Amino acid sequence: MSVDSTEDLFVEGLQHIYYTEQRLVDALEELESTSSADELKEGFSEHRSETQNHIERLEEVFEAVGQDPDGAEDPVVEGMIEAHEEFVDKDPSDGALDRFNIAAGQKSEHYEIACYGNLTPMAAQLGLDETADLLEQNMREEQNALDELATLGEEFDYGRLEV
Ligand SMILES: [Fe+2]
Ligand SMILES: [Fe+2]
């Protein structure tokens with residue numbers, strides 16, 4: 001399929017974020033299970049529930065453009081998951097892994113925000129205002145998750161790491 005129109009480009013982006021959100025459901029479970037600090041575990045668990053809602057909203061978006069929900073393999077999210085697996089294989093301490101997981105979570109939120117930040121104005125351009133609202137709701141929750149992770153990163157107790 002050649003990608004020529006705004007709608008083609010929109011659907012292309014939609015398929016990538018749909019795939020990404022699905023992969024992030026599992027990735028957030030992995031981040032939760034490999035973290036030690038309770039507040040970090042809780043944060044990942046909460047955002048995992050939100051991520052399931054993101055997928056449902058995206059399915060509404062597909063419906064609005066008359067398409068069946070379909071994911072397109074996204075090498076960015078795959079790369080982030082691979083980077084996490086490689087780090088876990090290095091057998092890091094609990095503190096090091098918690099600090100790594102905060103950063104890993106932040107990277108995925110930045111990526112999602114970039115995707116939604118581009119899809120939302122495209123939906124508006126296509127005259128799909130309600131669809132743009134759905135995408136913006138997802139983006140706001142990504143931004144909140146990012147802010148919470150940033151705070152956890154700033155408040156991280158480096159005494160948990162070896163000198
Ligand atoms: Fe999301
Ligand atoms: Fe997210």
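How many Å should the 32 residues of helix α4 span, and how far apart are its end C-alpha atoms? At 1.5 Å a residue, helix α4 (residues 94–125) should span 46 Å, and its end C-alpha atoms are 47 Å apart, which agrees. The expected span is 1.5 Å times one less than the number of residues, and helices here are DSSP runs (H or I, at least four residues) numbered from the N terminus.

This is a predicted model, in which local features need pLDDT of at least 70 and side-chain atom pairs count only at pLDDT 80 or more, while totals for chains, interfaces and linings use all residues. Residues are numbered from 1 along each chain as its sequence is written, chains are lettered from A and ligands numbered from 1 in the order in which they are written, and side-chain values use heavy atoms, leaving out hydrogens and water.

**The iron ions**

- Let's start with ligand 1: this iron ion is coordinated by Glu-21 (OE), Glu-21 (OE), His-54 (ND1), Glu-112 (OE) and Glu-142 (OE), at 2.1 to 2.2 Å.
- Donors are N, O and S atoms within 2.8 Å of the metal (3.2 Å for Na, K and Ca); water is not among the atoms, so sites may look incomplete.
- Along the chain, the donors of ligand 1 follow the spacing E-x32-H-x57-E-x29-E.
- Glu-112 bridges the two iron ions, ligand 1 and ligand 2, which lie 3.5 Å apart.

**Aromatic rings**

- You can find 3 aromatic pairs in the structure.
- The ring centres of Tyr-18 and Phe-62 are 5.2 Å apart with planes at 75°, so this pair is edge-to-face.
- Rings of Phe, Tyr and Trp (its six-membered ring) pair if their centres lie within 6.5 Å; planes under 30 degrees apart count as stacked, over 60 as edge-to-face and the rest as tilted.
- Tyr-18 and Phe-62 are both buried.
- Phe-156 and Tyr-158 also form an edge-to-face pair, because their centres are 5.0 Å apart and their planes at 75°.
- Phe-156 is buried at 10% relative accessible area, whereas Tyr-158, at 46%, counts as partly exposed.

Terms used:
Buried means under 20% relative accessible area, exposed over 50%, partly exposed in between (1.4 Å probe, protein chains only). Helices (H or I, at least four residues) and strands (E, at least two) are DSSP runs, numbered from the N terminus.
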